[in-house]
Amino acid sequence: MSDVSFTVNGRRVSGSAEDRTLLVHFLREHLGLTGTHVGCDTSQCGACVVHVDGKAVKSCTMLAAQASGSTIVTIEGLADGAELHPVQASFKEHHGLQCGFCTPGMIMTATDMIARHPEGLDEAMVRAELEGNICRCTGYHNIVKAILAASETMAKGAKGKAKQAA
Ligand code: FES
Ligand code: FES
């Protein structure tokens with residue numbers, strides 16, 4: 001067993017985990033954060049993506065003990081109270097989901113992708129970046145549309161804030 005402690009969605013949490021416990025299982029089973037899904041056992045589907053120290057990570061590829069000391073954000077930590085994160089709002093507006101199973105991972109991947117490309121994204125970039133996220137329902141078209149729209153909205157928001165500060 002190892003002692004683990006992290007900041008998850010702004011809250012300090014600690015506990016103990018078997019050395020072989022994967023981060024995704026710790027989040028789901030010890031912390032009850034079941035928005036992070038497990039869709040495969042081959043690290044291919046991306047349903048388990050969370051942010052670890054600001055980077056999108058497949059939480060089935062990391063041990064809970066390895067993540068100890070990190071700052072983690074899961075899908076439950078993305079909204080600002082009742083206000084959806086712009087990527088969540090865009091998925092809703094552009095019908096970027098059907099069954100919703102892949103959606104938490106898609107959204108966590110998308111927020112990381114948008115943050116790494118403040119200059120903007122195009123369709124080819126989004127499709128290439130989604131290589132590690134599988135959706136069995138949507139055919140991806142509306143997911144790509146939702147991400148592109150969110151990227152534009154967030155870029156406009158950032159410009160607006162910069163103008164206000166000037
Ligand atoms: S559960 Fe499928 S990639 Fe992690
Ligand atoms: S919406 Fe069903 S798997 Fe993507």
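Reader: In this predicted model, does His95 count as buried, partly exposed or exposed?
Author: In the predicted model, His95 sits in the loop between helix 3 (86-93) and helix 4 (103-116). The cut-off for exposed is over 50% relative accessible area. His95 has 56% relative accessibility, so the residue counts as exposed.

Reader: Where is Asn9 placed, and what is its relative accessible area?
Author: Asn9 is in the loop between strand 1 and strand 2. Buried means under 20% and exposed means over 50%, with partly exposed in between. Asn9 is therefore partly exposed, with a relative accessible area of 28%.

Reader: Which residue takes a positive phi in the hairpin of strand 1 and strand 2?
Author: Strand 1 and strand 2 run antiparallel and are joined by seven bridges. Phe6, for one, has Val13 in strand 2 as its bridge partner. Two residues lie between the strands of this hairpin, and the residue with a positive phi near 50 degrees is Asn9.

Reader: How many residues of strand 1 are buried?
Author: Strand 1 covers residues 2-8. The strand is mostly covered, and of its seven residues the number buried is five.

Reader: In which sense do strand 1 and strand 5 pair, parallel or antiparallel?
Author: Strands of a sheet pair through backbone hydrogen bonds, in either sense. Val8 stands opposite Ile72 in strand 5, and Thr7 has Thr71 as its bridge partner there. Over two bridges, the sense of pairing between strand 1 and strand 5 is parallel.

Reader: How far apart in space are Asn9 and Thr71, C-alpha to C-alpha?
Author: Thr71 belongs to strand 5 and is the bridge partner of Thr7, while Asn9 lies in the loop between strand 1 and strand 2. Asn9 and Thr71 are 62 residues apart in sequence, but their C-alpha distance in space is 7.9 Å.

Reader: What is the strand order of the open sheet?
Author: The sheet has five strands and mixed pairing. Its edge strands, each pairing on one side only, are strand 2 (11-17) and strand 4. Neighbouring strands are turned by 40 degrees against each other on average, direction ignored. The order is 2-1-5-3-4.

Reader: Which residues of strand 3 are buried on each of its faces?
Author: In a regular strand the side chains alternate between the two faces of the sheet. Strand 3 (residues 49-52) is covered on both faces. The buried residues are Val49 and His51 on one side, and on the other Val50 and Val52.

Reader: How much space lies in the largest pocket, and which residues are closest to its centre?
Author: The largest pocket holds about 210 Å³ of space. Of the 14 residues that line the pocket, the closest to its centre are Gly39, Cys45, Phe101, Ile134 and Arg136.

Reader: Which domains contribute at least three residues each to the lining of the largest pocket?
Author: The lining divides into nine nonpolar, four polar and one charged residue. At least three residues are drawn from each of two domains: domain 1 (2-77) and domain 2 (86-161).

Definitions and conventions
Residues are numbered from 1 along each chain as its sequence is written. Chains are lettered from A and ligands numbered from 1 in the order in which they are written. This is a predicted model: local features need pLDDT of at least 70, side-chain atom pairs count only at pLDDT 80 or more; totals for chains, interfaces and linings use all residues. Side-chain values use heavy atoms; hydrogens and water are left out. Buried means under 20% relative accessible area, exposed over 50%, partly exposed in between (1.4 Å probe, protein chains only). Helices (H or I, at least four residues) and strands (E, at least two) are DSSP runs, numbered from the N terminus. On a 1 Å grid over the protein atoms alone, a cavity is a set of points where a 1.4 Å probe fits but cannot get out, and a pocket is an open set with protein on both sides within 12 Å along at least five of seven lines; lining residues have an atom within 4 Å of a point. Grid points are joined across faces, edges and corners, and a volume is the space filled by probe spheres set on the points. Ala, Val, Leu, Ile, Met, Phe, Trp, Tyr, Cys and Pro count as nonpolar, Asp, Glu, Lys and Arg as charged, and the others, Gly among them, as polar. Domain bounds come from an automatic or database domain assignment. Two strands pair if DSSP finds at least two bridges between them. Axes are lines fitted to C-alpha atoms, for helices over the stretch in contact, and angles run from 0 to 180 degrees between N-to-C directions.
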